[in-house]
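Dear colleague,

I am handing over the structure below for your use. My findings follow directly after it.

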Amino acid sequence: MLSAVAQNVVFGLLVGGLYGLAAVGLSLVFGVTKFLNVSHGELLMLGGYAAFWMYTLFRVDPFFGLPLVAVLLVILGFILYRLVFVRMTKLNDESKIRNTMLVGFGLGIIFQNVALRLWSADQRGITTTYSSQVLKFLGVRFPVVRVASFLIALVVLVALHLFLKRTYLGKAIRATVQDWEAAALLGIGTERVYLISFVMGAGLAGLAGALVSVGYSIEPSMGLEWTLTSLIVMVLGGLGSFVGTFVAGLLLGVTQSLTFLWLGGTYREVVALLLFLLVLVVRPQGLFGVKEG
Amino acid sequence: MLEVVGIDAGYKDLQALWGVSLRVNEGELVALVGPNGAGKTTTLKVISGLIRPTAGNVLLDGHSLIKEPPHKIVELGVSQVLEGGRVFTGLTVMENLELGAFSAKARKGRAENLERVFALFPRLKERQRQRAGTLSGGERQMLAIGRALMSNPRILLLDEPSFGLAPLLVEQIFRMITEINKQGVAVLLVEQNVRAALELTQRAYVIENGRVVGEGSGEALLSFESIRSAYLA
């Protein structure tokens with residue numbers, strides 16, 4: 001029994017790292033631009049397919065192919081921003097959220113159907129020569145690819161954290177999150193900061209998707225679930241705290257996994273949403289968020 | 001140096017400024033005074049590019065600013081401090097100051113400007129590692145002004161720097177503004193604290209209901225009957 005619990009905690013943590021990675025992308029975009037891009041999950045799905053086809057057609061190892069997937073999604077993000085989202089930068093925050101949600105839903109439907117036409121509704125996953133390898137430690141199994149995915153997610157997040165804390169551009173992004181007017185008055189080109197954050201968010205979604213395609217499976221309809229998961233994790237962790245977002249991802253992963261063990265699969269989403277509501281009631285700024293002012 | 005010529009501007013359906021004109025010469029300290037809602041803040045935001053005017057022009061050495069984005073206007077030497085300072089509370093004092101020197105041009109003079117800011121506000125040097133959110137109201141105002149100086153501006157636009165501060169601090173902030181002006185930075189000071197502002201400045205404009213209704217030396221305006229009765233009674 002105890003080992004089953006430990007096993008589920010480990011699986012929960014491993015998938016939670018990917019929740020964190022996906023949510024950090026959404027949170028970065030939302031924090032800076034106040035765009036609620038609900039096609040974030042579809043971008044993640046496209047990242048997954050990019051990795052899948054790179055492996056299937058050209059035998060590009062999914063881990064080595066990660067930078068390429070990120071670049072592809074950054075380019076897609078750039079196109080989406082320039083074509084669609086740039087029109088909404090001048091709106092007030094409330095209309096921004098409303099309009100980007102509508103546009104995001106539309107884009108999500110388009111991406112999902114394009115994926116369906118191109119690649120069918122089949123579930124896919126990357127099976128490499130090392131995919132079945134499992135490490136055992138104290139009777140708990142650690143699938144190698146999932147552990148590697150988790151570690152990569154962690155490295156990416158640490159890199160992002162350092163970028164935001166240490167570099168000039170990163171500090172400008174954090175400043176814009178807090179007060180774009182004051183940032184603009186210091187000579188920070190907010191339009192550029194918006195664009196950079198948006199494409200970084202797309203890149204992060206792509207990375208998460210690629211990692212999902214190695215350790216788990218992908219399908220055209222996965223987007224909405226990932227968007228919702230990212231939203232929940234973003235709010236759980238609290239805006240403006242990317243470390244908090246990652247930890248919230250882990251928490252959600254473990255919660256879902258233990259619910260699955262104790263209550264069965266039906267209650268997985270229910271308990272996740274209950275946790276979400278509980279945090280909203282008790283700590284509306286999120287577990288690790290800072291209060292305004 | 002800075003000329004505002006016949007500006008109309010507003011928010012959506014509400015016009016806030018009607019043909020506002022004013023001028024700040026090189027190295028001058030000029031006040032813009034008037035009651036709440038007269039259009040003082042709007043005037044500053046038009047100059048700094050946050051609000052686009054519907055008519056008129058803003059000229060810096062004859063070069064029009066109204067088509068330039070805010071960050072470009074900062075690079076050209078116009079630096080605004082928003083009402084309440086609006087420091088980035090989640091960032092440290094040092095990070096706030098660093099961001100004041102964001103443009104490539106300002107980054108070159110960063111060390112020099114930092115030294116100058118710390119000389120003006122030694123308190124900021126002591127607190128450089130602290131999060132700006134932990135500062136007192138007066139310290140935040142100092143940080144906001146210091147941050148605006150980091151781009152080495154030719155003109156500083158200050159929006160109600162005394163707002164919400166204790167009298168002793170107000171005096172200190174005003175002394176600093178005079179000091180900054182003496183170093184060669186022109187200042188356009190928006191104040192509701194009319195007496196203090198008029199005593200401080202060489203020249204002032206009075207704005208009411210979105211229109212400039214008076215101009216003159218601080219002393220002259222202080223003796224204006226309408227101003228005495230409206231603001232100083």
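Which residue in S9(B) does B:Val33 stand opposite? The residue is B:Val206. Before the rest, two remarks on conventions. The model is predicted, so local features need pLDDT of at least 70 and side-chain atom pairs count only at pLDDT 80 or more, while totals for chains, interfaces and linings use all residues. Residues are numbered from 1 along each chain as its sequence is written, and chains are lettered from A and ligands numbered from 1 in the order in which they are written.

Strand S3 (residues 29-33) and strand S9 (residues 203-208) of chain B run parallel and are joined by four bridges. Here helices (H or I, at least four residues) and strands (E, at least two) are DSSP runs, numbered from the N terminus, and two strands pair if DSSP finds at least two bridges between them. Both strands belong to an open sheet of six strands with mixed pairing, in the order S6-S7-S8-S3-S9-S10 (chain B). Strand S6 (78-81) and strand S10 (211-217) of chain B are at the edges with a single partner strand each, so one side of each has no neighbour in the sheet. On average, neighbouring strands of this sheet are turned by 15° against each other, direction ignored. Axes are lines fitted to C-alpha atoms, for helices over the stretch in contact, and angles run from 0 to 180 degrees between N-to-C directions.

Helix H7 (residues 137-149) of chain B packs on this sheet and touches S6 and strand S7 (155-159) of chain B; the direction of H7 makes about 165° with that of S6(B). Contact requires that the C-beta atoms of two residues, placed from the backbone, lie within 7 Å. Helix H8 (residues 167-182) of chain B also packs on the sheet, touching S3, S7 and strand S8 (186-191) of chain B, and the direction of H8 makes about 155° with that of S8(B).

**Packing of H3(B) and H7(B)**

H3(B) and H7(B) pack at about 35°, their axes 7 Å apart. The residues in contact include B:Val93 and B:Leu97 of H3(B) and B:Leu143 and B:Arg147 of H7(B).

**The four-stranded sheet of chain B**

A further open sheet, of four strands, has antiparallel pairing and the order S2-S1-S4-S5 (chain B). Strand S2 (14-24) and strand S5 (63-64) of chain B are the edge strands, each pairing on one side only. Strand S4 (residues 55-60) of chain B pairs with S5(B) over two bridges in the antiparallel sense, and B:His63 in S5(B) is the bridge partner of B:Leu60.

**Chain A and the interface**

Helix H10 (residues 242-263) of chain A has 22 residues and should span 32 Å at 1.5 Å a residue, which agrees with its end C-alpha atoms being 31 Å apart; the expected span is 1.5 Å times one less than the number of residues. Just after H10(A), A:Gly264 takes a positive phi of about 95°.

The contact between the chains takes 18 residues from chain A and 23 residues from chain B. On the side of chain B, helix H2 (70-75) and helix H3 (93-100) are the elements that give two or more residues.

Yours sincerely
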